[in-house]
Amino acid sequence: MVDTTKTPAPSNHFDEIYGSDEMSVPLSESIFPGSESDPRNVYASIRDELMLDGNSRQNLATFCQTWEEPEIHQLMDDCIDKNMVDKDEYPQTAEIEQRCVRMLADLWNAPSDEATGCSTTGSSEAAMLGGLAMKRRWEARRKAEGKPIDKPNLITGPVQVCWHKFTRYWDVEHREIPMENGRLLMTPEEVLSLCDENTIGVVPTLGVTFTGQYEPVEAVSAALDKYEAETGLDIPIHVDGASGGFLAPFCAPELMWDFRLPRVKSINASGHKFGLAPLGVGWIVWRSAEDLPENLVFWVNYLGGNMRDIGLNFSRPGGPITCQYYNFQRLGREGYTKIHKSCYATAQYLAAEIGALGPFDIVYDGDMTSGIPALCWTLKPDVDLGFTLFDLADRLRIYGWQVPAYTLPANCQTQAIQRILVRNGVSRDLATLLMRDIRKALAHLTKHPAETPLGENAAGGFHH
């Protein structure tokens, strides 16, 4: 193909950016450019295109951190050239990663000096490593017993898509506990009904994506203890703490979900969610070295030294890990507690305000002992308001707010729900302005009911 875009005259460095001839033609969308351009003009054009994105601070759908201190921006810039996998060239970045692992082991009450782990690109990669470790341990035990290894299964509650990826990519039967009216989470009874000798593990979620609530890790652990006593089957727990792993230690310290429960063998968490680090860093910690099968560890020598590597990818930036360490040092337990409790207070404020509006039933109200700093609600049943939650989500986009509406998974596919995540940076002032705009949106929808209310296909653009 030939680029038929007009070639502008060479840029004059003294031209005002938007008066430059280079700015008289659009950026290439498919043809690889043939010539150089003035960096000021290229930057200005790309920056302008990015204005068409939503404002990330108003994105109340995302779990990811969207506000950072200036020092974190500087550290990210300082580390732009560091490949954290190259531990021989960047030994201090490697040391910082291991310091974070040790601090997380302490935060999650691992047995002293026994835990091991690593950073990842996010909690999804960390979850897959946790799942792989369970599968490999199960396979080793079955082989030692002379039993087949062709039908592994994994039990979860309603989970984020990363667990669907894990079971599909690694040929594991996914026994996902469906939601039912009146029960949106995993229960011990549902778990036990699915267990058998081929179960590689059980994954409770500390902060279910759809509602924000914590699943009952302690109760599930106790049920599996009893199951082992009756059957001899020792089924481990991996906790998906993508969100809650950085919340419960500070705001619900009495909640038993972590390595205080001997059956919990591994935990994943997302540093760039409530760990307050920039995208993208996650963490996986195993209770002890023996819980990480040796065949998941690679030793790499071609970067200049014989280096231990665990992960699904290789080259990764060191900046997010360094910034995670900055947050640990900068905030400590005191700072994380203050920040997260402020987020919970704002979530509870929003839940009370939205509940008082009339049309909504609050499903989860931001209680810090039972979930993450979030809230979610449904429309009151059997009331025709002339609009759907998808209409409300669509209307709020006019004011810049992204407040996701979506249907629940099986067996509640007909139930629509709407959710707000309150992250660090979602201040009480912003929450007050959000409530102003929700009231304006409801007034508009009441005065101008939609002839055809929107459904998920038309307005449900939020994917988990």
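This is a predicted model: local features need pLDDT of at least 70, side-chain atom pairs count only at pLDDT 80 or more; totals for chains, interfaces and linings use all residues.
Valine 281 sits in the loop that joins strand E6 (264–270) to strand E7 (282–286). Colour by accessibility: valine 281 has 0% relative accessibility, so it counts as buried.

Now show the neighbours of valine 281. Leaving out residues up to four places away in sequence, its contacts are Ser119, Thr120, Thr121, Gly122, Ser270, Gly271, His272, Pro320, Ile321 and Gln324. Draw a C-alpha to C-alpha distance from valine 281 to threonine 121: 4.6 Å in space, across 160 residues in sequence.

Next, select strand E4 (residues 199–203). Is E4 enclosed or open? Five of its five residues are buried, so the rest of the structure largely encloses E4.

E2 and E4 pair in the parallel sense, over four bridges. Zoom in on isoleucine 155; opposite it, in E4, stands valine 202.

Last stop: helix H10 (residues 389–397) and helix H11 (residues 428–447). Two packed helices are described by the angle and the distance between their axes. Here the axes come within 9 Å and cross at roughly 120°. That angle makes H10 oblique to H11. The crossing of H10 past H11 is right-handed.

Show side chains at the contact. H10 supplies Asp391, Leu392, Arg395 and Leu396. H11 supplies Asp437, Ile438, Ala441, Leu442, His444 and Leu445. Which classes of residue make up the contact of H10 with H11? Colour by class to find six nonpolar, one polar and three charged residues.

How values were computed:
Residues are numbered from 1 along each chain as its sequence is written. Side-chain values use heavy atoms; hydrogens and water are left out. Axes are lines fitted to C-alpha atoms, for helices over the stretch in contact, and angles run from 0 to 180 degrees between N-to-C directions. Helices (H or I, at least four residues) and strands (E, at least two) are DSSP runs, numbered from the N terminus. Angles under 35 degrees count as roughly parallel, over 145 as roughly antiparallel, 65 to 115 as roughly perpendicular and the rest as oblique. A crossing is left-handed if the near helix is turned anticlockwise from the far one by less than a right angle, and right-handed if clockwise. Contact means heavy atoms within 4.5 Å. Ala, Val, Leu, Ile, Met, Phe, Trp, Tyr, Cys and Pro count as nonpolar, Asp, Glu, Lys and Arg as charged, and the others, Gly among them, as polar. Buried means under 20% relative accessible area, exposed over 50%, partly exposed in between (1.4 Å probe, protein chains only). Two strands pair if DSSP finds at least two bridges between them.
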